[in-house]
Amino acid sequence: MKLGIQIPSFTWPGGTPEIAPTLGRIARQADEIGADSIWVMDHFFQIRGVGPAEDPMLEGWTTLGYLAAQTSQARLGLMVGGVHYRYPGLWVKAATTLDVLSGGRAWLGIGAAWNEDESRSLGFPFPPLGERFEMLEETLQIAHGMFDGERGTEAAFEGRHYQASRLMNSPQSISRPRVPIMIGGGGEQKTLRLVAKYGDACNVGWGNPETLVHKLAILKDHCEAIGRPYDEIEKTTLVTVDISANGDGGRSTADQIVEQFGEIADAGVEHILFSVRGVDDTSKLELIGAKVFPQLRSL
């Protein structure tokens with residue numbers, strides 16, 4: 001069982017001047033307790049369910065560069081990138097740059113995106129969903145080409161949405177055969193088909209164990225249809241935990257989180273990504289490192 005920390009909010013005591021030191025402290029603590037990965041969202045406004053749109057939100061790739069300098073062990077990624085925010089070549093160059101400067105610790109997390117409001121507000125084109133899926137597939141094709149060999153295939157690419165004359169990537173990523181690609185979303189006909197064809201990992205979002213079993217069965221069917229070994233793909237999901245030492249205030253104890261994560265593992269998930277309410281209180285991460293991680297590592 002792999003365990004990763006997602007940081008979805010930057011609304012912390014002290015306001016804007018304290019965002020950087022607080023984030024650095026969280027990342028260092030997550031690295032110290034042995035988190036396998038650290039993730040931030042690829043949004044420009046805060047999303048519903050986490051807070052109002054006006055809450056502080058940092059641009060993802062820049063934030064990951066900062067986290068790379070604060071950590072030494074955990075892999076780093078976007079949970080997950082919105083395909084229409086950047087051209088394919090920039091996606092791959094950004095992921096490669098992070099990988100090189102972090103010593104081979106990058107993820108390329110990407111998906112078809114959904115937040116129309118922030119795109120319209122800031123002037124990003126927001127194509128219809130069907131077009132965004134076409135853009136996602138072409139981006140994945142270009143990524144595979146750029147990660148190939150010593151500096152990419154250097155071939156031309158002619159797609160419906162993107163054209164490129166030379167798929168070169170220099171320096172090449174340290175992670176081989178490529179920066180691992182995580183495709184986010186649980187859509188059964190399109191997203192999971194793309195995972196089977198191009199992905200190194202999937203993230204099917206939130207869901208109870210029964211839903212996860214169903215989604216992963218669909219992924220397995222897509223893999224079998226194209227002859228892709230299902231076991232090559234790392235299965236992940238995203239949850240939120242609220243922990244305290246004694247479970248006061250309706251929070252979960254360490255043992256309750258271990259039980260919850262065990263059920264998720266039984267559903268077939270290999271890498272649980274989770275956010276921690278009030279994570280700016282890094283004693284919560286210390287508690288997770290001392291009481292949760294040791295019990296889950298054997299799963």
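# Exercises on pockets, sheet and buried helices

The lining of the largest pocket comprises 19 nonpolar, 19 polar and six charged residues. The exercises below concern a predicted model.

**Exercise 1.** Describe the largest pocket by its volume, its central residues and the elements that line it.

*Solution.* Begin with the volume: the largest pocket holds about 1,000 Å³ of space. Next, consider the lining, which consists of 44 residues. Those nearest the centre of the pocket are Gln6, Met41, Ile47, Trp206 and Leu238. Finally, assign elements: at least two lining residues come from each of strand S4 (81-82), helix H5 (129-147), strand S10 (234-241) and strand S11 (271-276).

**Exercise 2.** State which residues line the second largest pocket, and classify them.

*Solution.* The space in the second largest pocket is about 170 Å³. Its lining is made up of Arg75, Ser175, Arg176, Pro177, Arg178, Pro180, Asp200, Arg228 and Glu232. Sorted by class, this lining gives six charged residues, two nonpolar and one polar.

**Exercise 3.** Determine the strand order of the open sheet and identify the strands at its edges.

*Solution.* First, write the order: the nine strands are arranged as S3-S2-S1-S11-S10-S9-S8-S5-S4, with parallel pairing. Third, inspect the pairing of S4: two bridges connect S4 with strand S5 (residues 108-111), and the two run parallel. In this pairing, glycine 82 is opposite glycine 111 of S5.

**Exercise 4.** Decide whether glutamine 29 is buried or exposed, and name its contacts.

*Solution.* Locate the residue first: glutamine 29 belongs to helix H1 (residues 19-32). Then apply the cut-off: buried means under 20% relative accessible area. Glutamine 29 has a relative accessibility of 11% and therefore counts as buried. Leaving aside residues up to four places away in sequence, glutamine 29 touches Thr282, Leu285 and Glu286.

**Exercise 5.** How many of the residues of helix H6 (residues 191-198) are buried, and what covers them?

*Solution.* Count first: six of the eight residues of H6 are buried, and the helix is mostly covered. The buried residues are Thr191, Leu192, Leu194, Val195, Ala196 and Tyr198. Then identify the cover, which includes H5, S8, strand S9 (201-203) and helix H7 (209-226).

Methods. Residues are numbered from 1 along each chain as its sequence is written. This is a predicted model: local features need pLDDT of at least 70, side-chain atom pairs count only at pLDDT 80 or more; totals for chains, interfaces and linings use all residues. Side-chain values use heavy atoms; hydrogens and water are left out. On a 1 Å grid over the protein atoms alone, a cavity is a set of points where a 1.4 Å probe fits but cannot get out, and a pocket is an open set with protein on both sides within 12 Å along at least five of seven lines; lining residues have an atom within 4 Å of a point. Grid points are joined across faces, edges and corners, and a volume is the space filled by probe spheres set on the points. Helices (H or I, at least four residues) and strands (E, at least two) are DSSP runs, numbered from the N terminus. Ala, Val, Leu, Ile, Met, Phe, Trp, Tyr, Cys and Pro count as nonpolar, Asp, Glu, Lys and Arg as charged, and the others, Gly among them, as polar. Two strands pair if DSSP finds at least two bridges between them. Buried means under 20% relative accessible area, exposed over 50%, partly exposed in between (1.4 Å probe, protein chains only). Contact means heavy atoms within 4.5 Å.
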